[in-house]
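Welcome to my notebook. I opened a new structure today and wrote down what I looked up, entry by entry.

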Amino acid sequence: MAILRGSVEIRILIFACVFLNVNVHAFYLPGVAPQDFQMGDALMVKVNKLTSTKTQLPFSYYSLPYCRPEKIVDSAENLGEVLRGDRIENSPFVFKMRESQMCAAVCRVKLDKKSAKALKEKIVDEYRVNMILDNLPLVVPVQRPDQDNVVVYQHGFHVGLKGIFVGKKEEKYFIHNHLTFTVRFHRDIETDSSRIVGFEVKPFSIKHEYEGEWNEKTRLTTCDPHTKRAVTNSESPQEVEEGSEIIFTYDVDFQESEVKWASRWDTYLLMADDQIHWFSIVNSMMIVLFLSGMVAMIMLRTLYRDISNYNQLETHEEVLEETGWKLVHGDVFRPPECPELLCVYAGTGVQCFGMILVTMIFACLGFLSPSNRGGLMTAMLLLWVFMGLLAGYASSRLYKTLRGTEWKKIALRTAFMFPATVFVAFFVLNAIIWGQKSSGAVPFGTMFALVVLWFGISVPLVFIGSYIGFRKPALEDPVKTNKIPRQVPIQAWYMNPIFSILIGGILPFGAVFIELFFILTSIWLHQFYYIFGFLFIVFIILIITCAEITVVLCYFQLCSEDYQWWWRSYLTSGSSAVYLFLYAAFYFYTKLEITKLVSAVLYFGYMLIVSYVFFVFTGAIGFYACFWFTRLIYSSVKID
């Protein structure tokens, strides 16, 4: 875990993340150095997966009958890219720097029954073609109808479209077989070298015509650079049917831009509704901070009065006459039911907390730029593996405090319980993707690499952490525990465990649900998310809110002479995961257009995994807040 030293560094980090997050993408570490091109240098266009927001199942570019190069070469991909389903390959599109081309023919394809069916299915599911040039993704500029002179950029272009010919009722399918590329570059006046700062396309569907027999030198009558006849519309589209002859062509135009290479991602990272985003986040922050301040003030005043009055009692009889949280001092530190399981989940929560915190810091500092595809997921996986040291330490330390002796058993459960549950769920979902023949299925080699990371690094680190934690002296309870458990009186309806636990999860969820909308949009609608300054603020608010709401409800529980706070403190803040999953279901039915059962199963399966991680993370925060709170208040009370 990275450690920031001194308050100056912390203030710099917070300032950079909060106040400079709008321009943070102008200063990032993309993992690759800028590449300079001279006039006439070859520019290799790469193709990526086909994606659809309706199915969420990516497919390889060459799963459709597109033009192929002489030899298809897969680009080297990191762990995160493979898990995302990226399949980056070379293509037959080759440009020359600052040399425009018009109506360059790529190839001619004759559709058979199978390829025509595949194209129609992808058009119906609104699949988009993704390409990459100099590490920049291809975008389609679209004019916003509600705002003048505002252009938004969609990632990739549609495979095709559906339409009806004039005077006919039958719906037809048309393919985008002509691409008009625009490459924007920034030129260095001194060296005359250029750097690519933009990659755009306008797709068209056109039924090309030519005279005579087809060969490499055949001139098209519908698109001819010699007569300056260009494709500017899709009035005569290319139909997709068995036996159709499709000719794929493209134009490429180079335009000089004032945008510098360091700021070339601005176009991709601009959010169309940034004002709403700002207002929503600030509004949420103000509400949550106000409630947190009120809760803290009430708790401090109430506890101060209770402790002062209790310490002024002179006789044992007066103590017995008292009611509330003081009376359960002899039972409040009694070990809970299933203490081993609680220790495992507390340690796993610490592991998730460390992973998220360090990831957030690296993201704020710009190390996880979207230009480094898969970097975020790779970083989270590796950090989770190495945070096994903290998981083992936290679980065994708590286990020893609860008078446990078999630290190896706790270490084994910590190393396997949570990751095994997630891995099994992930394996089942991956098998479903594999059954759909999607490129999003994780290969066997990558699965093996994940298992090696788990067994080869994470498990040993958990045992090392457990050994270190168990060797530490156990934390002493501030008061002695009675031998005979005290009977818990009948509780009021509002102190019912299920009711209070569900109520406790509302406020933490309320702190994150607005930002959750943007995160879900970036994941399931295939958009970039890079406002980590906002996310870091929400992360801090979430921690404070989880801790405070759990402490408040724990205090009310102890005042009702119910000392069984251990599990309830974990479940109180952890119940926010229930609301997260319910919101995911709401988002599914209101924002997504998924109609296939397989895609719905994948969505809810992955969101269930996310909710489980959120439960473990927030539950650990609430538990350790109550653990500190109970030790603090009972150590402040004089017990005769």
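Before I start, one cut-off: a residue is called buried when its relative accessible area is under 20%. I also remind myself that this is a predicted model.

**Entry 1: the whole chain**

I began with the overall counts. The secondary structure of the protein chain comes to 17 helices and 13 strands. The chain has 640 residues, and buried residues make up 50% of them. I then looked up contacts with a separation of 6 or more, and found that residues 24 or more positions apart account for 80% of those.

**Entry 2: disulfides**

How many disulfides does a search of the whole structure find? I ran through the whole structure and the search gave two.

I looked up the pair Cys-67 and Cys-107, which a disulfide joins with an S to S distance of 1.8 Å. The angle about the S-S bond is -85°, and this link is left-handed. Cys-67 sits in the loop between strand 1 (42-51) and helix 2 (79-84), while Cys-107 sits in strand 3 (residues 101-110), so the pair ties together parts that are 40 residues apart in sequence. I noted that both Cys-67 and Cys-107 are buried.

Next I turned to Cys-103 and Cys-223, which form a disulfide with their sulfur atoms 2.0 Å apart. I placed Cys-103 in strand 3 and Cys-223 in the loop between strand 12 (194-204) and strand 13 (245-256), so this pair ties together parts that are 120 residues apart in sequence.

Is Cys-103 buried or exposed? Its relative accessibility is 8%, and the cut-off for buried is under 20%, so Cys-103 counts as buried. Cys-223 is buried as well, because its relative accessible area is 1%.

I wrote down the pairing too: with the bonded cysteines of the protein chain numbered in sequence order, it reads 1-3, 2-4.

**Entry 3: other cysteines**

I checked Cys-343 and found it buried, with a relative accessible area of 0%. Cys-554 is in no disulfide, and the nearest cysteine sulfur, which belongs to Cys-626, is 3.8 Å away. For a disulfide the sulfur atoms must be within 2.5 Å. Cys-554 is buried, with a relative accessible area of 2%.

How do helix 7 and helix 10 lie to each other? I looked up helix 7 (residues 339-364) and helix 10 (residues 407-435), which pack at an angle of about 55° with their axes 9 Å apart. The two helices are therefore oblique to each other. Their crossing is right-handed.

I also listed who meets whom. From helix 7 come Glu-340, Leu-341, Val-344, Tyr-345, Thr-348 and Cys-352, and from helix 10 come Lys-409, Ile-410, Arg-413, Thr-414, Met-417 and Phe-418. Sorted by class, this contact has seven nonpolar, two polar and three charged residues.

**Entry 4: one aspartate**

My last stop was Asp-125, which I found in the loop between helix 3 (113-124) and strand 4 (128-133). Asp-125 is buried, with a relative accessible area of 11%. Which residues does Asp-125 touch, not counting residues up to four places away in sequence? I found Ser-52, Lys-54, Thr-55 and Lys-596.

How values were computed: Residues are numbered from 1 along each chain as its sequence is written. This is a predicted model: local features need pLDDT of at least 70, side-chain atom pairs count only at pLDDT 80 or more; totals for chains, interfaces and linings use all residues. Side-chain values use heavy atoms; hydrogens and water are left out. Helices (H or I, at least four residues) and strands (E, at least two) are DSSP runs, numbered from the N terminus. Buried means under 20% relative accessible area, exposed over 50%, partly exposed in between (1.4 Å probe, protein chains only). Contact means heavy atoms within 4.5 Å. Axes are lines fitted to C-alpha atoms, for helices over the stretch in contact, and angles run from 0 to 180 degrees between N-to-C directions. Angles under 35 degrees count as roughly parallel, over 145 as roughly antiparallel, 65 to 115 as roughly perpendicular and the rest as oblique. A crossing is left-handed if the near helix is turned anticlockwise from the far one by less than a right angle, and right-handed if clockwise. Ala, Val, Leu, Ile, Met, Phe, Trp, Tyr, Cys and Pro count as nonpolar, Asp, Glu, Lys and Arg as charged, and the others, Gly among them, as polar.
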